[in-house]
Amino acid sequence: MRTRVGIVGAGPAGLLLSHLLHLHGIDSVVLEVRSREAIEATIRAGVLEQGTVDLLSETGLGERMRREGFRHHGIELRFAGRGHRIDLAALTGGKAITVYAQHEVIKDLVKARLDAGGEIHFSVEDVNVLDLKSTAPTIRFRKDGALTELACDFIAGCDGSQGVCRPSVPPRALTHYERVYPFAWFGILAQAPPSAEELIYNLHDRGFALVSTRTREIQRLYFQCDPKETVADWSDDRIWAELQTRLAAGPGWKLIEGPILQKGVIGMRSFVVEPMQYGRLFLAGDSAHIVPPTGAKGLNLAVADVRVLAAALVAFYRTGRSDLLERYSESCLRRVWKAQRFSWWMTSMLHRFPGGDPFRHRLQIAELDYVTSSAAAATALAENYVGLPIELTGA
Ligand code: RFL
Ligand code: PHB
């Protein structure tokens with residue numbers, strides 16, 4: 001087997017890269033360890049930045065998103081029992097976010113690739129990336145038990161935080177930056193109508209809570225918990241009582257409850273690897289960086305990376321120039337670190353840290369007070385939340 005770009009991982013990064021390359025006539029093959037059913041059913045992100053929405057729309061993937069997604073022009077920051085609206089659109093010249101589940105984006109991408117004759121191999125095993133420093137890197141894998149080799153010009157490592165691509169780079173070639181937070185998120189999907197028209201990020205003495213949505217019938221809610229806690233520790237009644245307590249905001253507001261359809265505990269960490277390239281292997285998305293979910297940036301960063309990578313590969317195949325590929329890591333990392341800063345800042349402002357340091361808590365309240373009362377501070381939050389621009393220098 002031979003292709004120009006071998007792509008490891010059919011997450012948002014890998015599938016979108018394959019789609020963007022196809023639109024420029026560049027062939028690729030995507031290899032995925034899980035089944036199509038599994039990737040289309042995994043519950044993860046929900047918030048798409050304005051730039052992500054624009055890119056999906058411009059490349060023919062926006063039809064269902066426009067119909068079924070929810071465009072939100074603001075978010076609420078709630079603390080000390082009171083809500084404060086951040087008017088994203090007014091503060092950013094009309095930009096907004098769209099709430100449309102990651103697995104719906106995945107379904108749209110898989111369908112677009114398969115309809116266009118694209119090659120995605122699901123449920124492959126034993127994936128290995130080889131000869132990364134040569135001009136002919138190879139991916140070896142098992143499909144239906146048979147060992148197969150895919151010869152490539154380039155390999156895109158889009159295999160997420162637990163993939164094989166990053167660990168295949170000699171350790172001394174990479175620098176890791178990491179911060180692990182002393183708390184986690186407990187996430188649920190509940191069958192209930194929305195309790196609010198916009199997302200609510202809430203700080204309470206008992207910890208963080210987040211009200212998000214999926215559809216008119218299904219809501220997505222999160223609350224801060226101890227990383228050691230498990231789903232078994234939280235009965236449905238206990239979950240609703242905790243959420244009601246944390247989100248209480250006077251007599252006029254109540255969280256609407258309903259049957260809980262899914263529960264999970266999500267660890268929180270910040271992680272970046274530098275550089276995002278080794279020879280002809282390019283890392284994109286979660287394989288190169290992880291953000292805590294408080295800023296809603298992970299999927300959006302994956303999209304930004306592959307946009308830069310696709311532009312660099314298109315330039316290479318059109319004109320033979322490789323300078324954009326050489327600058328790929330540097331271009332992405334500037335934006336990655338800004339998203340890291342924003343995600344760390346949102347996380348630090350909105351969570352209770354174990355030990356209950358009263359000084360830190362006062363600072364958090366002061367920060368929230370400042371962000372919700374100063375146009376300058378609110379604008380800084382808004383422009384980061386809707387997404388900083390993607391710089392495609394020289395493309
Ligand atoms: P993915 O989505 O993890 O996809 C990687 C794919 O690679 C496959 N794979 C392999 N394939 C072949 N060979 C191997 N050896 C392989 N090893 C792994 C995997 O099966 C998988 O299909 O990475 P990608 O494409 O980089 O996308 C990143 C995003 O998925 C992630 O950043 C977001 O989900 C993060 N995130 C959010 N991001 C946002 O932008 N907005 C949000 O609102 C948001 N909310 C969230 C989130 C992540 C969450 N969790 C569960 C961590 C909310 C949550 C709860
Ligand atoms: C979600 O809807 O899953 C979601 C929303 C906002 C976040 C993280 C996750 O910050």
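Here is a short chat about the domains and some strands of this predicted model.

User: Hi! Which domains does the assignment give for this protein?
Analyst: Hello! Domain 1 takes in 5–46, 101–174 and 275–353, and domain 2 covers 178–268. This is a predicted model, by the way.

User: Thanks. How many Å separate their centres?
Analyst: The centres of domain 1 and domain 2, taken over C-alpha atoms, are 30 Å apart.

User: And how many residues are in contact on each side?
Analyst: Domain 1 puts 17 residues in contact with 20 residues of domain 2. Together the two domains bury about 1500 Å², with 67% of that area on carbon and sulfur atoms.

User: Nice. Which side chains make the salt bridge there?
Analyst: One salt bridge is counted between the domains. Arg352 and Asp205 meet in a salt bridge, at 3.9 Å from N to O. On the side of domain 1 that touches domain 2, the residues divide into 11 nonpolar, four polar and two charged.

User: What about polar contacts across that interface?
Analyst: Five residue pairs are in polar contact there, with both residues at pLDDT 80 or more.

User: Switching to strands: how does strand 10 pair with strand 11?
Analyst: Strand 10 and strand 11 (residues 146–151) run antiparallel and share six bridges. Phe141 stands opposite Thr148 in strand 11. The two strands form a hairpin with two residues between them, and Asp144 in the turn has a positive phi of about 50°.

User: Where does strand 9 come in?
Analyst: Strand 9 (residues 125–130) is joined by four bridges to strand 10 (residues 138–143), also in the antiparallel sense. In that pairing, Val129 stands opposite Ile139 of strand 10.

Definitions and conventions: Residues are numbered from 1 along each chain as its sequence is written. Chains are lettered from A and ligands numbered from 1 in the order in which they are written. This is a predicted model: local features need pLDDT of at least 70, side-chain atom pairs count only at pLDDT 80 or more; totals for chains, interfaces and linings use all residues. Side-chain values use heavy atoms; hydrogens and water are left out. Domain bounds come from an automatic or database domain assignment. Contact means heavy atoms within 4.5 Å. Buried area is the accessible area (1.4 Å probe) that two parts lose on being put together, summed over both. A salt bridge is a side-chain nitrogen of Lys or Arg within 4 Å of a carboxyl oxygen of Asp or Glu. A polar contact is a pair of N or O atoms within 3.5 Å; within protein, one must be able to donate a hydrogen and the other to accept it, and residues adjacent in sequence count only if both atoms are side-chain atoms. Ala, Val, Leu, Ile, Met, Phe, Trp, Tyr, Cys and Pro count as nonpolar, Asp, Glu, Lys and Arg as charged, and the others, Gly among them, as polar. Two strands pair if DSSP finds at least two bridges between them.
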